[in-house]
Amino acid sequence: MRDLDLKTLRLFVAVCDHQNMARAAEHEHIEPSAVSKRISQLEADLGTPLLMRGRRGVQPTAAGVTLLEHARNVLFTMERIATDVAAFGSGVKGHVRLVASASAIAESLLDDIAVFMREPANRNIKVDIEERLSRDLVRLVREGSASVGVCWDSVDLDGLQHRPYRTDRLALAVHPDHPLAQRKSLRFEQTLDYEYVGLPPSTAVHTMLQRAAARADRTVSYRVVVSNFDAAFRGVAANLGVSVVPVEVGGPFAALLGLHVIPLTDSWAQRQFAVCFQNLDGLQPAVRRMVDHLVERAAHSASGA
């Protein structure tokens, strides 16, 4: 098979997006016959039809859908390569790719990074931030796809170096009409008689709650499962159930939606986050500066400075 060229992949994506050869050709400033010829050659090289052609346009076949997904990823990567290299010509001297858990992003991480980027010494450093599940972000840091990860330190950090970051405390978000609404604090076990608005099984919070319930010989009863804390708070506001959330995130939502946020007294409800990376001595200067900044910010916060 011949090597796939980027121009043909770009044309294939354009045809799928427009669902029409002529419109794709117009958008890409090329003759429709040239587009058709390139895609026919691509089908011949791959040995399978990629498009279903009809009077109303074209649609990707099953093989075409697979190629489309890969083509988008390849084109995105190539654009990032070009952007990253060109950035050095415009004065950007460092690039930090940071992955973080939803809890870290929802709490203090973005504020800490904003302080970092406002410092004059860091004006030539570019920062990319991506939200990932803890187990996935650790894998990305191990593989070198990300420079730094920020997540709960209970995940498997084997093979990575790490430093302590900030802490938070988990609490129970409840509707003001809920039977638990007037409590000042709670043990997790006391909440298990009630239905929950939960996060997906892939999240660290879900795993932690399942383990805590199992230690009490109980189970968590989920009435609804949502994708993030925002949706969890809205589920609680609709009185669909209670939800375990970080106190640091719960305050603004409580004020906005009229909810009660009741601290959990269990020892595991106090969480420690970590900044993880492959090797401190091997980090690029911009990445090392970011790691030092996050650790320092967390230390100052813990000391009350």
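Glu189 and Arg187 pair up through their side chains in a salt bridge, with 3.9 Å from N to O; the term stands for a side-chain nitrogen of Lys or Arg within 4 Å of a carboxyl oxygen of Asp or Glu. Glu189 is partly exposed at 38% relative accessibility, and Arg187 is partly exposed too, at 40%. Here buried means under 20% relative accessible area, exposed means over 50%, and partly exposed is what lies in between (1.4 Å probe, protein chains only).

A word on the model: it is predicted, so local features need pLDDT of at least 70 and side-chain atom pairs count only at pLDDT 80 or more, while totals for chains, interfaces and linings use all residues. Residues are numbered from 1 along each chain as its sequence is written, and side-chain values use heavy atoms, with hydrogens and water left out.

The whole structure holds 15 salt bridges. One of them joins Arg132 to Glu130, where the closest N and O atoms sit 2.8 Å apart. Arg132 has a relative accessible area of 29% and is partly exposed; Glu130, at 38%, also counts as partly exposed. Another links Glu143 with Arg139 at 3.5 Å, N to O. Both of these residues belong to helix α6 (residues 134-143), and their spacing of four residues is about one turn of the helix. Arg139 is partly exposed, its relative accessible area being 33%.

Glu28 is a charged residue without such a partner. This residue sits in helix α2 (residues 21-28), and is buried yet has no salt bridge; Lys7, the nearest side chain of opposite charge, is 4.3 Å away. For charge, Lys and Arg count as positive and Asp and Glu as negative, with His and the chain ends not counted. Neighbours within four places in sequence aside, Glu28 is in contact (heavy atoms within 4.5 Å) with Lys7, Arg10, Leu11 and Ala14.

His29 is not a glycine, yet has a positive phi of about 55 degrees. His29 lies in the loop between α2 and α3 (32-46) and is exposed, with a relative accessible area of 74%. Asn239, likewise a residue other than glycine, has a positive phi near 60 degrees. Asn239 falls in the loop between α8 (229-237) and β9 (243-246), and is partly exposed at 35% relative accessible area.

As for the overall fold, the protein has 10 helices and 11 strands, taken as DSSP runs numbered from the N terminus (helices H or I, at least four residues; strands E, at least two). The radius of gyration is 25 Å, well over the 19 Å from the globule rule for 305 residues, so the protein is more spread out than a compact globule. That radius is taken over C-alpha atoms, and the rule is 2.2 Å times the number of residues to the power 0.38. The C-alpha trace spans about 70 × 50 × 35 Å along its principal axes. Of the 305 residues, 42% count as buried. Among contacts between residues at least 6 apart in sequence, 72% join residues at least 24 apart.
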